[in-house]
Amino acid sequence: MGPLTSVNAAPTECSSLSPNAPIWQDILAQAMTGELLAAMNYRSLSEICDDPAEVADALEHSLGEQGHAAAFAAEGRKIGVDVNNNVDAKHWKRLREAFLHCIAERDFIACLIVQEIMLESFAVASYSRVGKVAPGSLGKTFARIAAEEEDHVDHAMAILRAERALDRQRFDDKVYRLHLDVMTTLAQMLAKECKDGHCEVCHHTCVKPSLFDVSLSAAELRGASLQQYLKTLDMLGMPGEVTLRWVTQLPV
Amino acid sequence: MGHSVASLAAVTVMRSERTSDVDFALIGHQESWRAAADVVAVLRGPERTPLPDDEIKDILPWIPPRAVCHVDVGSISCTKSEGTDAHGLYIDSFIPPNRLEAAYVHENIARVRGAAACAIQAGAKIVSLGGFSSILIEGNFDQLPERHNTVFTTGNTLTVAFIVQGIRKMCAMEGRDLGRATLLIVGATGDVGSGCARCLAPLVRRVQLSARNVERLRRLAAELQADGVEVEIATDLRRFSAQADVGICAASLASPSLLLGRIAPDAIICDAGYPKNLSASAHMPEAKVFFGGLGQITGGLKFAPDFHGILNRHPFPDVVHGCLLEGMALALEGRFEPFSQGRGFISPDRVDEIEAIAARHGIYLAPLYNADGPVMGVHVQRWGRRPALPGTAARSDECH
C-alpha cells in the first residue's frame, strides 16, 4: 500500500485565522479521511479484478479519490489550517474493515455496494450541503467533488442493476447484510452527538455542536445522507417500503 | 433480529415486485408529529425503542415519498363477476406535519408528485389522493407525472357523499328539520364545498356560501339560483344576514372562533376541513360538531405491516377518509377510472353513483364522532347508550 495518507504539504503560515477556520478544519479532516479511505478501497478493489479494464478503472478511481484528498488539504492551507486525517479512527477503521471483508471474499459486487452505494451516498450528500454554505473556493471545491462522486455512482449503477436483474432476492439480501454492517457504522458517525467518545478525527472537541456557526447541522448532514442513500437504492429498483424500514431501524 | 427483518423484507420484496396485482394506491401523509412518530415506531419494530420526538422532527423531512405498507380491502359483495377483495399500497408523501401550509405549496406538490411516481412505478391501476394531497392536486392534475396505465382520483366525490350523509344523519339524530334550515358552507367554491352545495341546496331553506374568491362564489350562486335555491354569498362570514342552523366547514378555519356569532348556538357543524380543527367544547358548547367525510369498511381492512390505528387514527375500527375510500371502492368495483378530477364537477348524480358503488362493497358512512369522542344524538342519549370505546368493534348499523 502506498503512502496514501500523506497528502499534506508543509502548513502555510497564516497570521489571522477566520473564527470559523477550526470548524472547517474538522470538516475538511473528515472529508479528507473519507477520500483517503475511498482511495485505499479502490486500490484494494483493483487487486481482486480479473479484467484488466476493471483493474485500470479501479486504479483510476483510486487516484481520483487521492486527488480529492489533496484538494481538501489544499483548501485547508488556503484558510491557514493543517488538515489531518486518520483512516484508523474508530468509525473509519470499521468501514475499512467491512470493505476488506468483501475483498477477502473476492466479492466485487459487495465492494461496489459498500463504496458506491453507501459511502458515496454519504459523500455526495454531505459535500453538496457543505458546498452550499462554505465560502469561496472551499465551497466550490466541495461542490465540484460532490459532482465528481456522483459520476462514480452513475458508473456503478449500471453494473449493479444488471447484477440485481440476475437474482433480485440474492442481491437484496446481500445489500441488507452490508447495510447492517456499514450503514450502522455510518449512522453512528452521523448521529447528532458522538455518544461513544471522540471520533479520533476532529482535532480537538467534537465539531458537531459548532456546525451551526457555519450554517450546517449534524441533523441536516445525516438527513441529506440518508435521503441520498434511499434515492440511490430506489434507482437500483429496490422496494421503497423495505429500504425505508432499514433506514428507520438505524441507530440515532 | 436480523433473520426476522430479512424474512419480512423478502416477503415484502416478492409482493412489491408482483406489480400487476397492485389494484390501488393511497397517497397520504401524517397530520401530526405524534402520528408520524407512531408510523416510525411501527417501522422500527417493537424490539427497538421509539425515537424521541426531536429525532422524528429531524428525520421525517428528509424521507423521500415511498410506499410504507401493503393494504388489503375486502368487499361484502360475493358475486363471481365482482372481485371480493383488492390489493393496494399506502404511499406516504412524508409532508412534515408543520408544513401543511400555503407557504410550502411548491415543496408539497413536489412531494405528492414523487408519491404519484411511486404509485405509477408500482403499477397501481387507480390512485386516491388523501388529505392535503387531494387539496394540492385538485386544481393541478397536469402537474402529476406522466402515467400509462394508472389513473388518479381526488376521491372528493365520496367525501362529499359522506359529508351529506353525515349532515342528514345528524339532523335525524337531533330531531332537526333540514328542510327548514339555513345551511352555511365555508370553503364553498372548492371541489368538496361546491359538491356539498349542489347536493344539499335543494334540501334546505336557504344557503349561505363563503369563500375567498368572490367571482367563483358568484358563479356557484348563479348555478344554484337557476334551480330556485335561495342563496347568499360573502367572503366575510360577518356579512351574512342570519345565523345558520347547519354548517359545513369544507376549508380549515384559521380559528374556530370565526364561527362564533355566525351560526346558531346549537347549530349542527360538520368539520370537513383538513386538518380537522373544530371543537364544540372550546367556543361553542351547545353546537353539535362532527367530523365529516369519513367512511367505514365492513368487508375487512388489513395492513402489512400492521398499521391499524396508526394510519387510520379514528375511535372506530376500519374508518378511513372518503377520499381514500373512493379509490378502494372503485378498485373493488373493477372500475379503474379517474372518477373525481379537477374542481367543481361534483354533481348529485355522481355522488349517488359513488355512494352506491361504495355501499355495494360494504363501505358506509362511519359512526359520527368529534374531538371529544363518539357523537350521540338526543334520542340515543335519552336511552343512556354508552359510546363505543376506541378500538372496540362498534358498527354503524344505524346508517346502513
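**Where chain A meets chain B**

In this predicted model, the side chains of A:Asp234 and B:Arg66 meet in a salt bridge, with 2.5 Å from N to O. Between chain A and chain B the count is four salt bridges, and 29 residues of chain A are in contact with 30 residues of chain B.

**Extent of the interface**

- The size of an interface is often given as the accessible area lost when the parts come together.
- For chain A and chain B, the buried area is about 2600 Å², and carbon and sulfur atoms give 58% of that area.
- A:Glu241, A:Leu244 and A:Arg245 supply 25% of the area that chain A buries against chain B, which is more than any other three residues.

**Polar contacts and the side of chain A**

- Across the interface of chain A and chain B, 13 residue pairs are found in polar contact, both residues being at pLDDT 80 or more.
- The elements that give two or more residues to the side of chain A that touches chain B are α6 (168-190), α7 (218-236) and α8 (240-248) of chain A.
- Of the elements on that side, α7(A) gives the most, with nine residues.
- Sorted by class, the side of chain A that touches chain B has 10 nonpolar, eight polar and 11 charged residues.

**Chain B as a whole**

- Chain B has 12 helices and 17 strands, and 57% of its 400 residues count as buried.
- Among the contacts in chain B between residues at least 6 apart in sequence, 71% join residues that are at least 24 apart.
- The accessible surface of chain B comes to about 16500 Å², and 51% of this surface belongs to carbon and sulfur atoms.

Terms used. Residues numbered from 1 in each chain as written. Chains lettered and ligands numbered in written order. Predicted model: local features only at pLDDT ≥ 70, side-chain atom pairs only at ≥ 80, totals over all residues. Heavy atoms only, no water. Contact = heavy atoms within 4.5 Å. Buried area = accessible area lost by both parts, 1.4 Å probe. Polar contact = N/O pair within 3.5 Å; in protein donor to acceptor, adjacent residues only side chain to side chain. Helix = DSSP H or I, 4+ residues; strand = E, 2+ residues; numbered from the N terminus. Nonpolar A, V, L, I, M, F, W, Y, C, P; charged D, E, K, R; others polar. Buried < 20%, exposed > 50% of the residue type's maximum accessible area, 1.4 Å probe, protein only. Areas by Shrake-Rupley, 256 points an atom, 1.4 Å probe, with all protein chains shown as cover.
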